[in-house]
Amino acid sequence: MFDSPFMSLPGISPQEYSYLQSATTGFSEQQLRGFLMIYGSKRRNPDDMVLYCILGFFVPGLPRFLVNQIGMGILYFFTIGLCFIGTIIDLVNHKNLAFEYNQRMVLESLQMVKMTNLQ
């Protein structure tokens, strides 16, 4: 596990590690490097999400905008984080927010790697 290329991702959780392993099963070394390059640039570190959620008290909706939940970000912005209750919930669930976003980025990265191999 420790010599895996996925361990180079900062703040990777065991859940994310197993998800990445199952998603990239059967990839060649070149495909895996391409995937990691694409995914690494899109990925949100769960440890950084704590900071974004704390900043959400000053800029309501910031964490939601950063995980591409634009509608919720606008709602949080105009309701001041749903009177800060939603912002507190985001702070408690920061790892889940990051993991759900990262799952979507895994799928996008997989599609990009598969498209580049077709050419």
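Me: Which residues of helix 3 (residues 46-55) are buried?

Reply: In this predicted model, the buried residues of helix 3 are Pro46, Met49 and Cys53.

Me: What makes them line one face of the helix?

Reply: Viewed down the axis of helix 3, the buried residues fall within an arc of 40 degrees, so they line one face. In general, an α-helix has 3.6 residues a turn, so residues three or four places apart point the same way.

Me: What caps the N-terminal end of helix 3?

Reply: Asn45 does: one of its side-chain oxygens lies 3.0 Å from the backbone nitrogen of Asp47.

Me: Why is Thr24 called buried?

Reply: Its relative accessible area is 8%. Buried means under 20%, so Thr24 at 8% qualifies. Thr24 lies in the loop between helix 1 (14-23) and helix 2 (29-42). With neighbours within four places in sequence left aside, Thr24 is in contact with Phe6, Leu32, Phe35 and Leu110.

Me: Why is the pair Arg43 and Glu16 called a salt bridge?

Reply: The N to O distance between their side chains is 2.7 Å. The definition asks for a side-chain nitrogen of Lys or Arg within 4 Å of a carboxyl oxygen of Asp or Glu, so the pair at 2.7 Å meets it. The pair links distant parts of the chain, with Arg43 in the loop between helix 2 and helix 3 and Glu16 in helix 1, 27 residues apart.

Me: Are Arg43 and Glu16 buried or exposed?

Reply: Arg43 has 9% relative accessibility and Glu16 has 3%. With the cut-off for buried at under 20%, Arg43 counts as buried, and Glu16 does too.

Me: How many salt bridges does a search of the whole structure find?

Reply: Three. One of them joins Lys42 and Glu108, whose closest N and O atoms are 2.9 Å apart. Lys42 is in helix 2 and Glu108 in helix 8, 66 residues apart. In another, the side chains of Asp90 and Arg64 meet at 2.6 Å, N to O. Asp90 is in helix 7 (residues 85-92) and Arg64 in helix 4 (residues 62-66), 26 residues apart. Both Asp90 and Arg64 are buried.

Me: Why is Glu108 called partly exposed?

Reply: Its relative accessibility is 34%. Buried is under 20% and exposed is over 50%, so a residue at 34% is partly exposed.

Me: Where is confidence lowest and where is it highest?

Reply: Confidence is lowest in helix 8 (residues 94-118), at a mean of 91, and highest in helix 5 (residues 70-78), at 97. The mean pLDDT of the chain is 92, and 97% of its residues reach 70 or more.

Conventions:
Residues numbered from 1 in each chain as written. Predicted model: local features only at pLDDT ≥ 70, side-chain atom pairs only at ≥ 80, totals over all residues. Heavy atoms only, no water. pLDDT = per-residue confidence, 0-100. Helix = DSSP H or I, 4+ residues; strand = E, 2+ residues; numbered from the N terminus. Buried < 20%, exposed > 50% of the residue type's maximum accessible area, 1.4 Å probe, protein only. Arc of directions from axis to C-beta. Polar contact = N/O pair within 3.5 Å; in protein donor to acceptor, adjacent residues only side chain to side chain. Contact = heavy atoms within 4.5 Å.
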